[in-house]
Amino acid sequence: MKSQGAAKNEANNAAQAAAPAAEEKIDFSKVEIEPLFADSVDFDTFSKSDFRAVKVKECTAVPKSKKLLQFTLDDGTGTDRTILSGIHEFYEPEELVGKTLIAITNLPPRAMMGIESCGMLLSAVHTEEGKEKLHLLMVDSHIPAGAKLY
């Protein structure tokens with residue numbers, strides 16, 4: 001008799017095999033990447049950053065701002081967390097609701113446009129043909145809110 005978890009894994013594997021995703025070909029030849037930092041950071045300093053998986057409960061455009069989106073996030077504590085991010089050029093708020101993102105949760109609060117932002121969402125940024133591109137880091141929806149990243 002199979003465990004419930006084994007049965008789910010088998011069903012997921014079968015579904016993935018039945019419908020192979022068409023892998024998009026991406027041309028990275030025109031991508032410019034920022035150089036790596038020359039300065040090192042010691043492990044103790046790095047360890048002080050609290051990276052957590054967060055679930056987007058709500059996302060709205062901040063009035064009177066062209067760049068800012070206001071996120072209401074589940075960070076696993078039972079209390080909603082607000083983070084503002086200047087990514088509206090790259091994303092519409094409604095497409096982010098329900099996504100699982102990565103945040104640094106122990107930055108000091110910072111007021112932007114009169115709203116207190118409590119953390120920072122992580123994104124990958126590069127330049128392509130002279131234009132900045134940004135991709136918000138989204139992870140598997142099976143990762144629970146509040147899961148710590150190491």
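**View 1. Strands β1 and β9 pair in the antiparallel sense over 2 bridges.** Strand β9 covers residues 123-128. Within this pair, V31 faces E128 of β9. Strands are DSSP runs of E with at least two residues, helices are runs of H or I with at least four residues, and both are numbered from the N terminus. Two strands count as paired if DSSP finds at least two bridges between them. The model is predicted: local features need pLDDT of at least 70, side-chain atom pairs count only at pLDDT 80 or more, and totals for chains, interfaces and linings use all residues. Residues are numbered from 1 along each chain as its sequence is written, and side-chain values use heavy atoms, with hydrogens and water left out.

**View 2. An open sheet of 3 strands has the order β1-β9-β10, with antiparallel pairing.** The edges are held by β1 (31-32) and β10 (131-136); each has a single partner strand, so one side of each lacks a neighbour in the sheet. Strands of a sheet pair through backbone hydrogen bonds, either parallel or antiparallel.

**View 3. E129 lies in the loop between β9 and β10.** Its phi is positive, about 50°, although E129 is not a glycine. Most residues other than glycine have a negative phi. E129 is exposed, with a relative accessible area of 58%. Here buried means under 20% relative accessible area, exposed over 50%, and partly exposed in between (1.4 Å probe, protein chains only).

**View 4. M113 is found in the loop between β6 (110-112) and β7 (115-117).** M113 is a residue other than glycine with a positive phi, near 50°. With 47% relative accessibility, M113 counts as partly exposed.

**View 5. Strand β2 pairs with β5 and with β3.** Strand β2 (residues 51-61) and strand β5 (residues 100-104) are antiparallel and share 5 bridges. In that pairing A53 stands opposite I102 of β5. The pairing of β2 with strand β3 (residues 69-74) is also antiparallel, over 6 bridges, and here K55 is opposite D74 of β3.

**View 6. Strands β3 and β4 run antiparallel and are joined by 5 bridges.** T72 has T82 in β4 as its bridge partner. The hairpin of β3 and β4 has 6 residues between the strands, and G76 takes a positive phi near 90° in this hairpin. Of the 5 residues of β4, 4 are buried, so β4 is largely enclosed by the rest of the structure.

**View 7. H88 sits in the loop between β4 (81-85) and β5.** H88 is buried, with a relative accessible area of 18%. Apart from its neighbours within four places in sequence, H88 is in contact with A61, K66, K67, L68, L69 and P93. Contact means heavy atoms within 4.5 Å.

**View 8. V41, F43 and F46 make a nonpolar surface patch of about 340 Å².** Patches consist of residues with over 30% relative accessible area and no salt bridge; like charges are joined within 9 Å and nonpolar side chains (Val, Leu, Ile, Met, Phe, Trp, Tyr) within 5 Å. A salt bridge is a side-chain nitrogen of Lys or Arg within 4 Å of a carboxyl oxygen of Asp or Glu. F43 belongs to helix α2 (residues 43-47) and is exposed at 62% relative accessibility. F46 is partly exposed, with a relative accessible area of 41%.

**View 9. F43, F46 and F51 form one aromatic cluster.** Rings of Phe, Tyr and Trp (its six-membered ring) pair if their centres lie within 6.5 Å; planes under 30 degrees apart count as stacked, over 60 as edge-to-face and the rest as tilted. By this rule there are 2 aromatic pairs. The ring centres of F43 and F46 are 6.3 Å apart and their planes stand at 45°, so this pair is tilted. F43 and F46 are 3 residues apart in helix α2, which separates them by about one helical turn.

**View 10. The protein chain contains 2 helices and 11 strands.** From the N terminus the elements follow the order α-β-α-β-β-β-β-β-β-β-β-β-β. Of the 150 residues in the chain, 27% are buried. The accessible surface is about 11,000 Å², and 54% of this belongs to carbon and sulfur atoms. Accessible areas come from the Shrake-Rupley method with a 1.4 Å probe; for residues, only the protein chains shown count as cover. Among contacts with a separation of 6 or more, 57% are between residues 24 or more positions apart.
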